[in-house]
Amino acid sequence: MKKNWTIKTGKALAACLLAFSLAACSGTPKNEEPASGQYKAGTYTASAQGNNGPVELEVTFTADAISSVVVKNQQETEAIASAPLTSIPQAIVDGQTLAVDVVSGATHTSEAILAAVEDCVTQAGGDVEALKTAGNKTAAEKEAKTLDTDLVVVGGGAAGMAATIRAEESGLNVVLVEKMSFMGGAISISGGNQVVMGSDLQKQAGVSDDSVESMVEDFMANGANLNVGELIQLYAENVGATTDWLHDSVKLNFDLDGGLHKLAEYSHDRELAYEGGGAGAAKVLREAVEASGAEVLLSTRASELIIDQTGAVVGVKAADEKTEYTINAKAVLLATGGYGNNKDLLNDEMKSALYYGPASSTGDGIVMATAENVNAATRLMEYGKRYPNGIEVSEGIAKSTIAGNIAAFSESAILINKEGQRVVNEKASNRTILETELKQTDGMLYLLMDASTFDLFKSKLATGGISEGDINGWLDNNGKTTPVFAHADSLAELAGIVGMDAQALENTVKTYNTFVQNGKDEEFGRAAEYLTKEIGEGPYYLVEQKPRFATTMGGLVVTTNLEVKNTSDTVIPGLYAAGETVGGVMGDDSPSGANNGWALTSGKLAAEAIAEALK
């Protein structure tokens, strides 16, 4: 089968931006007043807030046209932002229009580019509203195209990429369909950690006495014993070999210098970070998919499973802007991630939590598989993985401070409630902290820090998509709006800003500092290694901590070969699922590093099972 590759690499991005830059350099000298025309010819600059910080543009005009749009500076996540950073400027220049669609999954970046161009149009004396309607055309009829392959993988996150790489290694022809403009999924915006139990890397890092039994026991305890036993057993038995395959064959590097993480959820140290975090891991996986020779269809959404007269799944229907695809396949793997961004699939409790996951997590695989003609079964759809460390950056939307928290708790930070009281061991498991947080007034806590700890805390927030500009803006608001980043020179003044009892706050700090002096936390048992620094001099800071979620625990019912089962408990021929699309592995909650490990392990195992079935 002829292979096509449709992903824009970093080199393509650089070339595109260079082309825009050259166009700008050859344009009209800056800000010359033309005799006539739509614009004051020249080059103008503007910036607007993107996902991770300001996106700065330079736009050059002739008297009658927008001649170039150049992205000068930006801090956006590479894989997610590469499409809008190239396609939107080109579309504006080509169509002489601001009626350009945002790129799905990169809305903030897209809107920042358009807002900055609007600003430049205004500076040049142009008509913004006219440009917003210019270039609109009736959509052309889409071309119909049929593809034939061994395996179609729906979803280009960690599970889909791992499955594609492994299936191609096993001799299968693969078509990967991804509705976003990039491959990456949840792993690309994750904390970048993974369970590595049983791997050579775990042994190299100093732990050789971990076991399948220990991992299963820990996961069952963390998941309230709601885990599907055969699936957590499958995970524990195979994550070590998957880790070694990722490291040795896929060339995914782990942060061995940082070592195994000490986590309350685990009886043995079994988590490592990826080099470059989640975004770094996603980049390596994308490059491996490219090298595999698989055909990748980006910005292409699968909408329907194709069923033959026997009830077997034999392909998918999908479409992009120009083409309607019929993809015939001997097997279909659903790896579309979770459903956290689809309120129709969430219960009331999950709807009330702040969402911080990928925009693509709309449960497409689950929706297609549970259609009446397929009738797949689901389980544990009411559960999602909630974390206690979110800040509400817009209504209902969170960003994570977890990287900052980890650093801050190694210094002198503590968690307090709205009454100014410390209520939990800050180094307890996320589950324990969350359960405590939910019992507090308004279901939230505050992170209390002195000046030196806050400086360390804020230096770690970029990995969560929080820029220095964001932080400065929130500090300027000083507790008047969410997210609360309140600050004051004294504890009493700080308490007043958020309506807290000043005496209670001062007593809490005094008590905690006494524990540090004595080397023992008499109230909550914070380990001595995290009890080394007193809360020192001001200014002091309070940062809100609210429940957030991205990962959903429910999904499709599968066998240990990752075959999807219907509501009659019968395998649906030709249909498989992997990653977050599968339900029940974690029970009602997932421990740190578990979801990335499961996605990669199940993707690899599904590909191997499919290859064996198609022999």
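User: In which loop is proline 483 found?
Analyst: This is a predicted model, in which local features need pLDDT of at least 70, side-chain atom pairs count only at pLDDT 80 or more, and totals for chains, interfaces and linings use all residues. Residues are numbered from 1 along each chain as its sequence is written, and side-chain values use heavy atoms, with hydrogens and water left out. Helices (H or I, at least four residues) and strands (E, at least two) are DSSP runs, numbered from the N terminus. On that basis, proline 483 is found in the loop between helix H15 (468-477) and strand S18 (485-488).

User: What is the omega of the peptide bond from threonine 482 to proline 483?
Analyst: Most peptide bonds are trans. The bond from threonine 482 to proline 483, however, is cis, and its omega is near 0°.

User: Where does proline 539 lie, and what is the omega of the peptide bond from glycine 538 to proline 539?
Analyst: Proline 539 lies in the loop between H17 and S19. The peptide bond that joins glycine 538 to proline 539 is cis, with omega near 5°.

User: Near what value is the phi of asparagine 478?
Analyst: Asparagine 478 has its place in the loop between H15 and S18. Most residues other than glycine have a negative phi. Asparagine 478 has a positive value in a residue other than glycine, with phi near 50°.

User: Is asparagine 225 buried or exposed?
Analyst: Asparagine 225 is found in the loop between H7 and H8, and its phi is positive, near 60°. Buried means under 20% relative accessible area, exposed over 50%, and partly exposed in between (1.4 Å probe, protein chains only). Because its relative accessibility is 56%, asparagine 225 counts as exposed.

User: How are H7 and H8 oriented to each other?
Analyst: Axes are lines fitted to C-alpha atoms, for helices over the stretch in contact, and angles run from 0 to 180 degrees between N-to-C directions. The axes of H7 and H8 come within 9 Å and cross at roughly 135°. Angles under 35 degrees count as roughly parallel, over 145 as roughly antiparallel, 65 to 115 as roughly perpendicular and the rest as oblique. H7 and H8 are therefore oblique.

User: How far apart are the closest N and O atoms of aspartate 218 and arginine 270?
Analyst: A salt bridge is a side-chain nitrogen of Lys or Arg within 4 Å of a carboxyl oxygen of Asp or Glu. Aspartate 218 is buried at a relative accessible area of 12%, and arginine 270 is buried at 0%. Aspartate 218 and arginine 270 form a salt bridge, and their closest N and O atoms are apart by 2.8 Å. This pair links distant parts of the chain, with aspartate 218 in helix H7 (residues 212-222) and arginine 270 in the loop between helix H8 (229-250) and strand S7 (271-273), 52 residues apart.

User: Which arrangement do the rings of tyrosine 44 and phenylalanine 61 adopt?
Analyst: Rings of Phe, Tyr and Trp (its six-membered ring) pair if their centres lie within 6.5 Å; planes under 30 degrees apart count as stacked, over 60 as edge-to-face and the rest as tilted. A search of the whole structure finds 11 aromatic pairs. For tyrosine 44 and phenylalanine 61, the centres are 5.7 Å apart and the planes are at 70°, so the pair is edge-to-face.
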